Amino acid sequence: MAFVTKARISLILLLCLVDRNGCERTGPFNPAEALAKAKNAAAGKLGPDVKTFNVLDYGAKANGKTDSSINFIRTFKAACNFRGNAMMVIPKGDFLIGPIIFQGPCFNPSSLIIQANGIVKAQADLSYFTGGADDTDWITFQSINGLILSGTGTFHGQGAKAWKYNDCAHKSHCVRLAANFKFNKVNDAIINGINSIDPKGFHIMVTVCRNFRLLNLKLQAPGDSPNTDGIHISKSTVVKIAHCVIGTGDDCVSMIHGSIDISVNKVICGPGHGFSVGSLGHYDDEADVNKIVVTNSSLTDTTNGVRIKTYKTDSPSKASSIFFTDLVMNRVKNPIIIDQEYGNRRSTKTSKVSISDVRFVNIKGTSISKVAVQFLCSKSNPCEGIQMNNIDLQYVGPPRDQQPFESNCTNAKVSYVGLQNPPPCR
């Protein structure tokens with residue numbers, strides 16, 4: 001183990017020794033074309049102009065026991081450096097790897113394809129993941145313009161042995177555990193069809209990315225697994241999530257500072273903590289959040305439904321143009337919530353995050369709590385422009401609870417249109 005830690009076969013590979021502009025993918029990104037290419041790759045229908053780079057040809061062992069980290073790195077390096085269209089292949093079989101970083105830019109004239117059909121497992125021992133910037137996460141893609149990660153493969157984080165070391169429930173500035181995937185400065189990307197199981201930390205992190213699509217994913221972890229967010233987005237623009245099934249121990253999708261133009265469509269969430277904007281106000285100089293749409297999705301047996309949460313700190317920012325529409329709640333504990341006292345309710349500070357133009361439209365289903373709608377907004381920065389349009393929630397919690405089925409609003413300016421169940425705030 002000491003040798004592995006020191007050698008760190010998963011350290012960053014510097015793939016381009018020339019000017020960065022010489023490594024960029026040429027031509028504008030065409031999402032429909034890229035998705036078609038991903039589907040063709042899955043069906044084995046790519047043309048002869050695409051050269052394949054199979055991890056087995058670079059020494060990877062499909063026995064589930066031999067660490068193949070260096071072999072995956074070598075395969076990626078060869079595909080990324082190839083000056084034609086390229087596809088890295090992870091075939092059927094069981095593979096074991098530690099933390100690896102796939103570092104760009106790449107030389108390919110079109111999006112680099114990674115076709116994953118095998119079962120890839122992470123090293124379970126936390127000593128492989130030192131907690132430093134380079135080795136915090138399991139599989140990192142970095143500084144790549146044009147990426148297609150597709151297939152029916154499964155990426156198993158083997159997180160069960162690590163969850164007991166997660167202390168984020170007790171510390172606001174904790175050291176997070178390894179995400180299964182981290183995409184950092186990856187633009188014009190499609191992640192399609194893969195499965196993620198039991199990460200040590202988040203399933204997928206998307207940060208400082210642009211034009212990023214996550215489609216047809218299945219993300220699974222036990223409902224009590226700590227901080228296993230499904231898809232966690234920060235400082236990214238134009239991110240589209242669709243047709244995914246997410247059941248995990250934390251937010252199914254979380255969008256924090258700098259998330260702009262994010263779309264969540266036709267996602268099945270549960271178990272988990274629902275769809276969340278935030279936490280916001282956690283760090284100094286946070287970028288604003290706006291143009292968030294969560295639509296045509298369902299939540300089942302989740303702790304929360306749709307939520308905006310901010311810390312009571314002096315860090316100012318704005319969250320606006322946030323739309324939650326056409327959602328179905330099934331036995332959800334807190335279906336609709338804005339919480340600007342998240343993290344430390346006893347603090348005398350107030351949240352400096354300004355929340356405005358938030359719409360909840362056509363939301364129906366069942367709640368297991370009597371307070372199905374709760375807006376707990378900042379005294380110094382009241383929520384403005386909150387609209388409730390056709391809300392139809394029914395109480396299905398303990399029958400002996402005599403509390404009325406209701407909405408609670410504090411420091412919030414709310415308007416109502418159409419059916420309102422529970423009744424509007426008084």
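Guide: Strand β24 (residues 353-367) runs parallel to strand β26 (residues 383-395), and 10 bridges join them.

Visitor: What makes strand β24 and strand β26 a pair?

Guide: Two strands pair if DSSP finds at least two bridges between them. With 10 bridges, β24 and β26 meet that condition, so they are called a pair. One of the links is between Ser 367 and Tyr 395, its bridge partner in β26. The strand names also follow a rule: helices (H or I, at least four residues) and strands (E, at least two) are DSSP runs, numbered from the N terminus.

Visitor: What kind of model is this?

Guide: This is a predicted model, in which local features need pLDDT of at least 70 and side-chain atom pairs count only at pLDDT 80 or more, while totals for chains, interfaces and linings use all residues. Residues are numbered from 1 along each chain as its sequence is written, and side-chain values use heavy atoms, with hydrogens and water left out.

Visitor: How many bridges join β26 to strand β28?

Guide: Seven bridges join β26 to strand β28 (residues 412-421), and these two run parallel. Within β28, Tyr 416 stands opposite Met 388.

Visitor: In which sense do β20 and β22 pair?

Guide: β20 and β22 pair in the parallel sense, over 10 bridges. The bridge partner of Thr 295 in β22 is Thr 325. Strand β20 (residues 289-300) is also paired with strand β18 (residues 260-269), in the parallel sense over seven bridges. Here Cys 269 has Leu 299 in β20 as its bridge partner.

Visitor: Why is Ser 259 called buried?

Guide: Buried means under 20% relative accessible area, exposed over 50%, and partly exposed in between (1.4 Å probe, protein chains only). Ser 259 has 0% relative accessibility, so it counts as buried. Ser 259 sits in the loop between β17 (253-255) and β18. Beyond four places in sequence, Ser 259 touches residues including Ile 233, Lys 235, Asp 288 and Asn 290, where contact means heavy atoms within 4.5 Å.

Visitor: Why is Asn 192 called buried?

Guide: Asn 192 has a relative accessible area of 9%, so the term buried applies. Asn 192 belongs to strand β10. Neighbours within four places in sequence aside, Asn 192 is in contact with Leu 35, Leu 149, Ser 150, Gly 151, Leu 215, Asn 216 and Leu 217.

Visitor: Why does Asp 49 count as exposed?

Guide: Asp 49 has 52% relative accessibility, and therefore counts as exposed. Its place is in the loop between α2 (31-42) and β1 (50-54). The side chain of Asp 49 makes a polar contact with that of Asn 85, at 3.1 Å. A polar contact is a pair of N or O atoms within 3.5 Å; within protein, one must be able to donate a hydrogen and the other to accept it, and residues adjacent in sequence count only if both atoms are side-chain atoms.

Visitor: Why are the buried residues of α2 said to line one face of the helix?

Guide: The buried residues of α2 are Ala 34, Ala 38 and Ala 41. Down the axis of α2, they fall within an arc of 65°, so they line one face; the arc is that of the directions from the helix axis to the C-beta atoms. An α-helix has 3.6 residues a turn, so residues three or four places apart point the same way. The face of α2 turned away from the buried side carries the exposed residues Ala 32, Glu 33 and Lys 39. Among the elements covering the buried residues of α2 are β3 (85-90) and β10 (181-192).

Visitor: What caps the N-terminal end of α2?

Guide: Asn 30 does, with a side-chain oxygen 3.2 Å from the backbone nitrogen of Ala 32. Just after α2, Gly 44 takes a positive phi of about 70°.

Visitor: Which residues touch the most other members of the largest nonpolar core?

Guide: Phe 72, Phe 141, Phe 183, Phe 324 and Phe 360 do, in a core of 89 residues. Strand β22 (residues 317-332) gives the largest share of this core, six residues. A nonpolar core is a set of buried Ala, Val, Leu, Ile, Met, Phe, Trp, Tyr and Cys residues joined through side-chain atoms within 4.5 Å. Another core, of 12 residues, lies apart from it, with Ala 38, Ala 41, Val 50 and Met 87 among its members.
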